[in-house]
Amino acid sequence: MATTNDGRTGLGCCAITHTETVEDYLKTIFALATRGDAATTSMVAGELGVAAPTVSAMLKRLQAHDLVRRSSDHHIRLTEHGERHALAVVRRHRLVEVFLAEVLGVPWDEVHAEAEILEHAISDRLEARIDALLGHPTRDPHGDPIPPASGPHVEDWASPLATAPAGSRFRVERVGDRDGRVLRHLAELGIRPGAVLVVGEWAPFGGPLWIDIDGRRHPLGSGLVQVLHGRTV
C-alpha cells in the first residue's frame, strides 16, 4: 500500500479520498444510512449545509471514483470501497473524541466539534498511537462504537427510549452527540451511556416522558427522548 503525503496509508485508490470535503461527504452518507435514512441529494445538502447543486457535482465525482452509487430510486449508497473510507474517518473521529475526553479532559458536549476538525489531520501512525495509549477503546464518550482498524464493524443503534414500555428499566447505550446543549443538560441529570433509567408514563397531550434515575424523577421532552438509545434490562 502506498502512503500519501498526509501520512495515511492508501487503500489502493486515488488521492481524492484524502481531502476533507470528500471525507465529510462519505462520513455523512454513512451516518444517514446507519440511522436508517435513505440518503438523497437534499438530505446530504442539509446535513453539510451546502447547496443541492454543489452536492450533485460532488456525487458525480464520487461515482466516477467508485465511492458511491445511485439506485433506481435516486438514493445514494456507499460502495464497498466508499464504506471502507467512511469507516476510516469515523474511526479517527471517535478515537479523537475519547482522547480529548479522557486525556485532555474536554467536556463530552465539546469533543464532537473538536473531533470534526482533528479527524482530517492525524496520520495513520498517530491514530495507532492514540489507540494504544487509550487501551484500544471500543466506544466513544457518547457510546458510539469505534470501528476496528480492520475487520467487520456493526453500527448498532439499539432501540430509542421512546419505544421502552412504562415501568421498564432502560440502560442507555448511545446518546446523539450533535447538540452540545442537549448533552450538557443530560449530564446534569446524570444521563450518559451506562445509566439505567426507570421509564414512567408520557404526560398527556404530547407532554414529556417521565423517568427516574438514581431515585430522582425528571421529565424528558421529545427532543431529549429521541437522542437516547439503549435496551431494556
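Analyst: A residue is called buried when its relative accessible area is under 20%, exposed when it is over 50%, and partly exposed in between (1.4 Å probe, protein chains only). The structure is a predicted model, in which local features need pLDDT of at least 70 and side-chain atom pairs count only at pLDDT 80 or more, while totals for chains, interfaces and linings use all residues. Residues are numbered from 1 along each chain as its sequence is written, and side-chain values use heavy atoms, with hydrogens and water left out.

User: Why is His74 called exposed?

Analyst: The relative accessible area of His74 is 59%, and the word exposed applies over 50%; His74 is therefore exposed. This residue is found in the loop between S1 and strand S2 (76-78). Its C-alpha atom is separated by 9.4 Å from that of Ala38, a residue 36 places away along the chain.

User: Why does Asp66 count as partly exposed?

Analyst: Asp66 has 45% relative accessibility. Asp66 is found in the loop between helix H3 (52-64) and strand S1 (68-70). Helices (H or I, at least four residues) and strands (E, at least two) are DSSP runs, numbered from the N terminus.

User: Where does Asp214 lie, and why is it called exposed?

Analyst: Asp214 lies in the loop between strand S6 (209-213) and strand S7 (216-220). Its relative accessible area is 65%, which is over 50%, and so Asp214 is exposed.

User: Thr41 and Ser42 follow each other in the numbering; is Thr41 buried or exposed, and is Ser42 buried or exposed?

Analyst: Thr41 has a relative accessible area of 16%, under the 20% limit, and is therefore buried. Ser42 has 54% relative accessibility, over the 50% limit, and therefore counts as exposed. Thr41 lies in helix H2 (residues 41-48), and Ser42 is found in helix H2 as well. The C-alpha atom of Ser42 is 9.4 Å from that of Pro53, which is 11 residues away along the chain.

User: Which residues is Thr41 in contact with?

Analyst: Contact means heavy atoms within 4.5 Å. Leaving aside neighbours within four places in sequence, Thr41 is in contact with Ala52, Val55, Ser56, Leu59, Arg70 and Ile76.

User: How do you know that Leu87 is buried?

Analyst: Leu87 has a relative accessible area of 16%; as this is under 20%, Leu87 is buried. Its place is in helix H4. Leu87 touches Phe30, Pro147 and His153, not counting residues up to four places away in sequence. Leu87 and Arg231 are 144 residues apart in sequence, and their C-alpha atoms are 25 Å apart in space.

User: Why is Arg92 called buried?

Analyst: Arg92 has a relative accessible area of 3%. The limit is under 20%, so Arg92 is buried. Arg92 has its place in helix H4, and its C-alpha atom lies 7.9 Å from that of Ile122, 30 residues away along the chain.

User: Which domains does the chain have?

Analyst: The domain assignment gives domain 1 (20-78), domain 2 (91-155) and domain 3 (159-232). Such bounds come from an automatic or database domain assignment.

User: How many residues of domain 2 are in contact with domain 3?

Analyst: In domain 2, 12 residues are in contact with 12 residues of domain 3. The C-alpha centres of these two domains lie 25 Å apart.

User: What area do domain 2 and domain 3 bury between them?

Analyst: The size of an interface is often given as the accessible area lost when the parts come together. Buried area is the accessible area (1.4 Å probe) that two parts lose on being put together, summed over both. For domain 2 and domain 3, about 1000 Å² is buried, 50% of it on carbon and sulfur atoms. In domain 2, Trp108, Asp109 and His142 lose the most area to domain 3, together 61% of what that side buries.
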